[in-house]
Structure formats: C-alpha cells, structure tokens
Amino acid sequence: DDHDDHDDHDDHDNHDAHDNQIHSNAPCDSALESRESLIVVLGPPGSGKGSISERIAVDFGLCHISAGEALRAEVFAGTERGLRAAPYLAAGQLAPDTLVAEILLESLERARGGRVIL
C-alpha cells in the first residue's frame, strides 16, 4: 500500500540526510559550494524538526545542522562542552541555551558560505 512505499522512501531519505549533517567535526562539503542561505526550523523537543529538516536538506541540497546531534557528538568526543552537556542529556533535560548556542555557532562557522538548515 502507499504507507509501505512511503516508509521505504523515508529510510532512503534518512540515510542521505545523515550524509548532509554537520556534527562536531564533520564538514558539509556539498552545501559549501552553493550560495549562502540559512533556514531555521523551530519547535519543541519531539515535534519533528529533525525529520522534516532531513527531508528538506535532501530535497534541496542543504546542509542539515542538528542541535541534538551536535550536542551528542560533543558528549561522545569528551570535549569540554560535551562534559558540560552530559549531565543534562543523561537526565533528559534541555542543555543550557548558552551551551547550545556555542556549539551551533561553531557548526555554522564551519558551514560559512553554505546552504544550511538548522
């Protein structure tokens, strides 16, 4: 049925979108070749921001920067910011805005000149 076809398409899109994400140290080369633009998707945790952003990134050739993925990458890498974020993530809480902003600004700096969805 149509729903099953849609699910198969989602799996393919998610794989492609993962290739277009900037994590802690991963460049987003395909987006760097284009004219600079920034799209910001806002919403509460669990509202689907990441899912729709991945689809838009794939469909329009954008670099997807995920705040959650960037935070988890910092924690995994054991960086100073990751150590600051770890207790919040472990408790299922939101990390402080200033910490998230630091991480996202660094990701945006690496994508300077690119086409980004945040």
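Student: How many residues does α6 have, and how far does it reach from its first C-alpha to its last?
Tutor: α6 has 14 residues and reaches 20 Å end to end, C-alpha to C-alpha. That is close to the 20 Å expected at 1.5 Å a residue. The expected span is 1.5 Å times one less than the number of residues. Helices are DSSP runs of H or I with at least four residues, strands are runs of E with at least two, and both are numbered from the N terminus.

Student: Ground rules before we go on?
Tutor: This is a predicted model: local features need pLDDT of at least 70, side-chain atom pairs count only at pLDDT 80 or more, and totals for chains, interfaces and linings use all residues. Residues are numbered from 1 along each chain as its sequence is written, and side-chain values use heavy atoms, with hydrogens and water left out.

Student: Back to α6. Which of its residues are buried?
Tutor: L99, V100, I103, L104 and S107. Buried means under 20% relative accessible area, exposed over 50%, and partly exposed in between, with a 1.4 Å probe and protein chains only.

Student: Within what arc do those fall, seen down the axis?
Tutor: The buried residues of α6 fall within an arc of 125°, so they line one face of the helix. The arc is taken over the directions from the helix axis to the C-beta atoms.

Student: And what is exposed on the other side of α6?
Tutor: D97, T98 and L105.

Student: A67 is in α4. At what angle do α4 and α6 pack?
Tutor: About 95°, with the axes 10 Å apart. The helices are α4 (residues 67-77) and α6 (residues 97-110). Axes are lines fitted to C-alpha atoms, for helices over the stretch in contact, and angles run from 0 to 180 degrees between N-to-C directions.

Student: So is that parallel or perpendicular?
Tutor: α4 and α6 are roughly perpendicular. The classes are: under 35 degrees roughly parallel, over 145 roughly antiparallel, 65 to 115 roughly perpendicular, the rest oblique.

Student: Which residues make the contact?
Tutor: From α4, A67, A70, L71 and E74; from α6, V100, I103, L104 and E106. Contact means heavy atoms within 4.5 Å. By class, this contact has six nonpolar residues, two charged and no polar ones. Ala, Val, Leu, Ile, Met, Phe, Trp, Tyr, Cys and Pro count as nonpolar, Asp, Glu, Lys and Arg as charged, and the others, Gly among them, as polar.

Student: What's buried in α4, and what does it pack against?
Tutor: A70, L71, A73 and E74 are buried. They fall within an arc of 160° seen down the α4 axis, so they line one face. They pack against α5 (80-90) and α6.

Student: What follows α4?
Tutor: G78, with a positive phi near 70°.

Student: New topic, α3. What span should it have, and how far apart are its ends?
Tutor: α3 (residues 49-60) has 12 residues and should span 16 Å; its end C-alpha atoms are 16 Å apart, which agrees. Within α3, S53, E54 and A57 are buried. Those fall within an arc of 105°, so they too line one face. S51, D59 and F60 are exposed on the other side of α3. Just after the helix, G61 has a positive phi of about 65°.

Student: Now strands. Where is H64, and is it buried or exposed?
Tutor: H64 sits in strand β3 (residues 63-65). It is buried, at 3% relative accessible area. H64 and L118 are 54 residues apart in sequence, yet 6.0 Å apart C-alpha to C-alpha.

Student: And S37? What does it contact beyond its sequence neighbours?
Tutor: Leaving aside neighbours within four places, S37 contacts G114, R115 and V116. S37 lies in strand β2 (residues 37-39) and is partly exposed, at 31%.

Student: Big picture: how many helices and strands?
Tutor: Six helices and four strands. From the N terminus they run α-β-α-β-α-β-α-α-α-β. Of the 118 residues, 30% count as buried. Among contacts between residues at least 6 apart in sequence, 73% join residues at least 24 apart.
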